[in-house]
Amino acid sequence: IAGGAERLAVTHSPRALEQQLAGRRIEALGRHGKYMLASLDDERTWVIHLRMTGSLVHRPAEDEAGRFERARIVLDDGTSLRFNDMRKFGTWHLVEESGDAMPNTGPDALSPQFDVGWLREQFAKRSTSVKAVLLDQKVAAGVGNIYADEACWIAQIDPRTSARSLGARRVARLHAAVLETLTSAIADRGSTFSDYRDGAGEPGLHQVRWHVFQRDGEPCERCGHEVTKIRLAGRGTHFCRGCQRQ
């Protein structure tokens, strides 16, 4: 772990985390919401959160460190994993139970637990906006700002709409839209408009398929009205006033 990256190690000191990870074998890789999970041979889990600007890139061990490299794991095949993080918000946990590193996190948005009944139940409790509920990781772990906007557009729902006011049919439409936009983005290896890189160090491609995100001022591809950007739930929010109705 590089100097100045002390905030990276959450459950241990940087030196202790290095010692605990040394010699361990990664048995399986997984994900829950925005957390990456590496199951180790001692039955613990190494939990990684990239936060806003983090990336975990596979590189030859002899490659020089990048400008924003915060940590490096050298593997026994002569390659390495480089954790790059310009803003230093990323975190590493080493835990007995992965849930201990993910407090207040609900079902993964691509898991069977995130079904229409769950989403309808959560919306019925909230008078806040649909966008705010979608961003709540206790409701839909893994849905971020981009994909909340995209899902609302696909479902033709104004993101400002009170969650409680949505009927069963519209909730079902929104649930399907969340699955559609996340599945499509994963197939495109994510969206890159700033720092994000995948495990091979390549940018994602899904940004070319965005319907509304960062397309403010452009005509809506569905109805031709201008895409609008507002501030909602503390985030820049993009939608079409023409075909996304409250």
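1. A quick definition before we start: two strands count as paired if DSSP finds at least two bridges between them. Keep that in mind for strand β6, where F83 is the bridge partner of A71. Also keep in mind that this is a predicted model.

2. Let's stay with β6, which covers residues 79–85. Is this strand enclosed or open? Seven of its seven residues are buried, so the strand is largely enclosed by the rest of the structure. "Buried" here means under 20% relative accessible area.

3. Now look at which way the side chains of β6 go. In a regular strand, side chains alternate between the two faces of the sheet. In β6, T79, L81, F83 and D85 point one way, while S80, R82 and N84 point the other way. Both sets are buried.

4. Which strands pair with β6? One is β4 (residues 54–60), which runs antiparallel to β6 and is joined to it over seven bridges.

5. Besides the A71 and F83 pair, you can look for V74, which stands opposite S80 of β6.

6. Is R70 buried or exposed? Its relative accessible area is 13%, and buried means under 20%, so R70 counts as buried. For a sense of distance, R70 and R126 are 56 residues apart along the chain, and their C-alpha atoms are separated by 40 Å.

7. On to the surface, starting with negative charge. E43, E96, E97 and D100 gather there in a negative patch. Take E97 as your example: it is found in the loop between β7 (91–95) and α2 (116–124). E97 is exposed, with a relative accessible area of 52%.

8. There is a patch of positive charge on the surface as well, and its members are K34, R51, K229, R231 and R235. R231 belongs to strand β8. With a relative accessible area of 64%, R231 is exposed.

9. Don't skip the backbone angles. N104 has a positive phi of about 60°, although it is not a glycine. Where is N104? You'll find N104 in the loop between β7 and α2. N104 is exposed, at 62% relative accessible area.

10. A233 also has a positive phi without being a glycine, with a value near 55°. This residue's place is in the loop between β8 (227–232) and β9 (235–240). A233 is partly exposed, with a relative accessible area of 42%.

Conventions
Residues are numbered from 1 along each chain as its sequence is written. This is a predicted model: local features need pLDDT of at least 70, side-chain atom pairs count only at pLDDT 80 or more; totals for chains, interfaces and linings use all residues. Side-chain values use heavy atoms; hydrogens and water are left out. Buried means under 20% relative accessible area, exposed over 50%, partly exposed in between (1.4 Å probe, protein chains only). Helices (H or I, at least four residues) and strands (E, at least two) are DSSP runs, numbered from the N terminus. Patches are made of residues with over 30% relative accessible area and no salt bridge: like charges are joined within 9 Å, nonpolar side chains (Val, Leu, Ile, Met, Phe, Trp, Tyr) within 5 Å. Accessible areas come from the Shrake-Rupley method with a 1.4 Å probe; for residues, only the protein chains shown count as cover. A salt bridge is a side-chain nitrogen of Lys or Arg within 4 Å of a carboxyl oxygen of Asp or Glu. Lys and Arg count as positive and Asp and Glu as negative; His and the chain ends are not counted. The place of a charge is taken as NZ of Lys, CZ of Arg, CG of Asp or CD of Glu.
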